[in-house]
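I opened this entry to look up charged side-chain pairs. The notes follow the order in which I checked them.

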Amino acid sequence: MVALSGEIKEIFTKTKVMPMATASKSGVPNVAPMASIQLVADDTVWIMDNYMVKTLDNLKENPVVALYFYDQDTKRCFQVKGDTEIKTSGPDYEKFRDQVRTKGHQYPAKSLIVIKITDVFECTPGKEAGKKVL
């Protein structure tokens, strides 16, 4: 199990929108901004599917994702990779759906993407860039 450090969790939490990369089964990439995102455990991220089309198609074919997050103040950045599960019912889905919908009726909250983090990489420019940290 990968458990994010305090520094990584702090930077993750400060980041309001994160690019998420997916790929189809045949390797066609897609990157989309994710804003309905929450770190729910040291190794688990929730993302609400409000408007996913290509991203959702890719996740159904290939459940591996990468998220990138950056702290403007410290210039630190990390990439996490993980395996996903798509939920359209159940207590986790309902809890996050209700939370997202409080932001407004424009958020349909169609499905919950649960990411189990498998790897974390340093992205800050310098000699450690690209190094696996967890």
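I counted as a salt bridge a side-chain nitrogen of Lys or Arg within 4 Å of a carboxyl oxygen of Asp or Glu. By this rule I get ten salt bridges. The model is predicted, so I noted that local features need pLDDT of at least 70 and side-chain atom pairs pLDDT 80 or more, while totals for chains, interfaces and linings use all residues. Residues are numbered from 1 along each chain as its sequence is written, and side-chain values use heavy atoms, with hydrogens and water left out.

Entry on Asp71. I found its side chain in a salt bridge with Lys14, at 3.1 Å from N to O. Asp71 lies in the loop between strand E5 (64-70) and strand E6 (77-87) and Lys14 in helix H1 (residues 6-14), so the pair ties together parts 57 residues apart in sequence. Helices (H or I, at least four residues) and strands (E, at least two) are DSSP runs, numbered from the N terminus. For accessibility I took buried as under 20% relative accessible area, exposed as over 50% and partly exposed as in between (1.4 Å probe, protein chains only). Asp71 is buried at 6%, and Lys14 is partly exposed at 38%.

Entry on Arg76. Its side chain meets that of Glu122 in a salt bridge of 2.5 Å, N to O. I placed Arg76 in the loop between E5 and E6 and Glu122 in strand E7 (residues 111-122), 46 residues apart. Glu122 is buried, at 8%.

Entry on Glu128. I found a salt bridge to Lys131, 3.3 Å from N to O. Glu128 is partly exposed at 34%, and Lys131 is partly exposed at 45%. I also noted one network, in which salt bridges with shared partners join Glu7, Arg76 and Glu122.
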